[in-house]
Amino acid sequence: QQVLVIAATNQPTILDPAFLRRMEPHVHVRLPNISERRKIFGVHMQDVPHMLTAADWDRLVLRTSDFSGSDIATLCHEAL
């Protein structure tokens, strides 16, 4: 009998090395790049009336370089 474990963390550096050795393989999902963050914002804000300019979007995308897609979704929903 086999067991499949799927887990995720946004802080892989604090995981116990012994635990990691037992859990192979590891799949690293990188954070979205500028273009991808812009698209993610677009998905979450497409039906929301706003007064953001192109320059506002540029600043927002640049300031969220360490955000995951989930972080961006949360930011959008909390801003509303």
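Trainee: Which exposed residues does the face of H4 turned away from its buried side carry?

Mentor: This is a predicted model, in which local features need pLDDT of at least 70, side-chain atom pairs count only at pLDDT 80 or more, and totals for chains, interfaces and linings use all residues. Residues are numbered from 1 along each chain as its sequence is written, and side-chain values use heavy atoms, with hydrogens and water left out. Exposed means over 50% relative accessible area, buried under 20%, and partly exposed in between (1.4 Å probe, protein chains only). On the face of H4 turned away from the buried side, the exposed residues are Ser70 and Glu78.

Trainee: Where do the buried residues of H4 fall, seen down its axis?

Mentor: Helices are DSSP runs (H or I, at least four residues), numbered from the N terminus. In H4, residues 69-79, the buried residues are Ile72, Ala73 and Cys76. They line one face of the helix, because their directions fall within an arc of 100°, taken from the helix axis to the C-beta atoms.

Trainee: Which residues form the largest nonpolar core?

Mentor: Such a core is a set of buried Ala, Val, Leu, Ile, Met, Phe, Trp, Tyr and Cys residues joined through side-chain atoms within 4.5 Å. H2, H3 (54-62) and H4 each supply at least two residues of the largest one. Its 6 residues are Phe41, Met45, Trp57, Val61, Ile72 and Cys76.

Trainee: With which residues is isoleucine 72 in contact, leaving aside its neighbours within four places in sequence?

Mentor: Contact means heavy atoms within 4.5 Å. What covers the buried residues of H4 includes helix H2 (34-45). For isoleucine 72, the contacts beyond those neighbours are Arg37, Ile40, Phe41 and Phe67.
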